[in-house]
Amino acid sequence: MTSSNACRLAAHDFPRGFALRALRALGVLALLAFAHTARADAVDDTLAKFLDDKFPQTEAAIGELAAEAPPQAAAILEALGDNRLLIEPADHLVAYKTVAGVLLNAKTGEPVQGVDAAAFKKVRVNNALRSAIEGAMGSLTLANPDPEKRLAAAEDVFRTHDAKALPALQAQLGKESDPRVVAALKLAQASIFATSDSASPQDRLSAIATLKERGDQDAQSLIDGIAQKATDPAVKSAAAAALSAIHTRLALWGVAQNLWYGISASSVLLLAAIGLAITFGVMGVINMAHGEMVMLGAYSTYVVQTLLPPSLQNWSLAFAIPLAFVVAGAVGIAIERLVIRFLYTRPLETLLATWGVSLILQQLVRSLFGANNRLVSNPPFMSGAFEIGGLSITTNRLWIIVLSAVVFIGLQLVLRATPFGLQMRAVTQNRRMAASMGISTARIDMLAFGLGSGVAGIAGVALSQIDNVSPNLGQGYIIDSFMVVVFGGVGNLWGTAFGALLIGLANKLLEPLIGAVQGQIVLLIFIILFIQRRPRGLFALRGRAVEA
């Protein structure tokens, strides 16, 4: 073919090729326009269901909004849940108020004009609709670019078991790359299969396997629902096996949780009792005002949080711990100097005298701060909780355990690595021999009582993070503290720690079996019988027989 013929042929074909491309483009545009119109019509039909203001119609509209996902869907559903979705039946208009109070058209998202706001009425919502809204909001955010929001959406669907979210769930599951979100999506899908009457046996078997791997109370409840509704023998057998495995797992985690509660309770008991072990061990004084030293430490924390500026609130405990030690220690020294030093040879009278002091301190605090409970907030690092398997650990309790360990180690260092500690141990073991060696037993008594009271003040700081601060705060721990000290061995810090651990664990392990009150009674009877056999406790101090 000559070049001139080729040029003529190209010139002849050009208009036809151009026309074909133009026709294709017009066809695509027409299809897009048709799809847009169809989508707009579908949105109109969905919004029209709200105009009836009937619960079944509203529920259907919620499901369609979740499936169609128009741009305003999330805003409409949020407004419906907050009672901000409005209808004007005369003009067939659906609108919603923003949080700021602006009235917007539900279809276009533009401000409503030319309609009297008084003509609108709210769309009614009940609890069933709120559950449907929660599920629809979850399905709308399943495809969100933020993985944290996708994760939250999947967890919402798991909680609501909304079958309307299943198509969006499965679509997202096919393209999800984040392992955490994949696991959450599978659990959400399993929850829908578990509650759906139309799920196939294969779907239910898959749901059982997924839920068994989760293995918590929610999974157990869903599998139990499958077992009750299933007719297929394979599904029933799989459900029964999964329930047995979950029961065993939950029982083991329940024991672990009770052990954790026991350790947590033991740390509180140790803090409350360790100061009493010092005063009771050195001087043999039955100090019924020890609980009020704990209470003073708690109120010191409250005062610190009240006086500190907002910029320093996160450091409140750094100020409260030394202040509580100083305040409770100073009050303890004052009690020893003004009351107890005259009654060392009369232990029953020290009991009555310190009980009177405790009443005076309680009334003094009521006069200064009032009888109402005072709230002490946790700093951010002590707030919240986290989970390890099936074990839930609260952060404030964890930090109290750390504080108990630090106080215990600090006291051990004071008793074993300082001249004061050496002298205090000498007085504890043989007061007359220590006095004959030139040790001022009166000074040691005063300082030991102050030290024990100061440690009780630190215990009050810890208790303020888990309990209400009130004038009666210390009364709830004084009896248990005496039990710990007597059971562990008077004056022996290791015995006090071991006694606190055993009593705390025993309380929490007996509580779910026979109840809290019966558990306390059983424990008290056991300690009474134990003291009959070993009057000096588990770890008696050597050297006491010298004085005897």
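How many Å² does the accessible surface of the protein come to, and what percentage of it belongs to carbon and sulfur atoms? The surface comes to about 28,000 Å², with 64% of it belonging to carbon and sulfur atoms; areas here come from the Shrake-Rupley method with a 1.4 Å probe, and for residues only the protein chains shown count as cover. The structure is a predicted model, in which local features need pLDDT of at least 70 and side-chain atom pairs count only at pLDDT 80 or more, while totals for chains, interfaces and linings use all residues. Residues are numbered from 1 along each chain as its sequence is written, and side-chain values use heavy atoms, with hydrogens and water left out.

The secondary structure comprises 21 helices and six strands, taken as DSSP runs numbered from the N terminus (helices H or I, at least four residues; strands E, at least two). Of the 548 residues in the protein, 42% are buried, where buried means under 20% relative accessible area, exposed means over 50%, and partly exposed lies in between (1.4 Å probe, protein chains only). Contacts are pairs with heavy atoms within 4.5 Å. Among those between residues at least 6 apart in sequence, 69% join residues at least 24 apart.

We can turn next to the interior. A nonpolar core is a set of buried Ala, Val, Leu, Ile, Met, Phe, Trp, Tyr and Cys residues joined through side-chain atoms within 4.5 Å. The largest such core has 66 residues, and the members that touch the most others are Leu411, Leu493 and Ile503. Helix α10 (residues 233–283) gives the most to this core, contributing 12 residues. Beyond its neighbours within four places in sequence, Leu411 is in contact with Ile274, Ile278, Leu451, Val455 and Leu493. Another core lies apart from this one; it has 33 residues, including Ala153, Ala154, Ala184 and Ala207. In soluble globular proteins, nonpolar side chains tend to be buried together.

Helix α17 (residues 441–464) is mostly covered, with 20 of its 24 residues buried. His290 lies in helix α11 (residues 290–307) and counts as buried because its relative accessibility is 2%. Not counting residues up to four places away in sequence, His290 touches Ala272, Gly275, Leu276, Gly452, Ala456 and Ile478.

The strands come next. Two strands pair if DSSP finds at least two bridges between them. Four strands form an open antiparallel sheet in the order β3-β2-β1-β4. Strands β3 (103–105) and β4 stand at its edges with a single partner strand each, so one side of each has no neighbour in the sheet. Strand β1 (residues 85–88) and β4 run antiparallel and are joined by two bridges, and Leu86 stands opposite Lys122 in β4. Elsewhere, strand β5 (residues 385–388) pairs with β6 in the antiparallel sense over four bridges, with Ile393 of β6 as the bridge partner of Phe386. β5 and β6 form a hairpin with two residues between them, and Gly389 in the turn has a positive phi of about 65°. Strand β6 (residues 391–394) has a covered face, made of Leu391 and Ile393, and an uncovered one, made of Ser392 and Thr394.

Finally, a search of the whole structure finds 13 salt bridges, each defined as a side-chain nitrogen of Lys or Arg within 4 Å of a carboxyl oxygen of Asp or Glu. In one of them, Lys49 pairs with Glu64, their closest N and O atoms being 3.1 Å apart. This pair links helix α1 (residues 3–51), which holds Lys49, to helix α2 (residues 55–68), which holds Glu64, across 15 residues. Lys49 counts as buried at 18% relative accessibility, whereas Glu64 is partly exposed at 23%. Arg124 and Asp53 also meet in a salt bridge (3.5 Å, N to O). Arg124 lies in the loop between β4 (121–122) and α4 (127–140) and Asp53 in the loop between α1 and α2, so the pair ties together parts 71 residues apart in sequence. Arg124 is partly exposed, with a relative accessible area of 44%, while Asp53 is buried at 8%. A further salt bridge joins Asp178 to Arg180, with 3.7 Å between the closest N and O atoms. Salt bridges that share partners join Glu148, Asp178 and Arg180 into one network.
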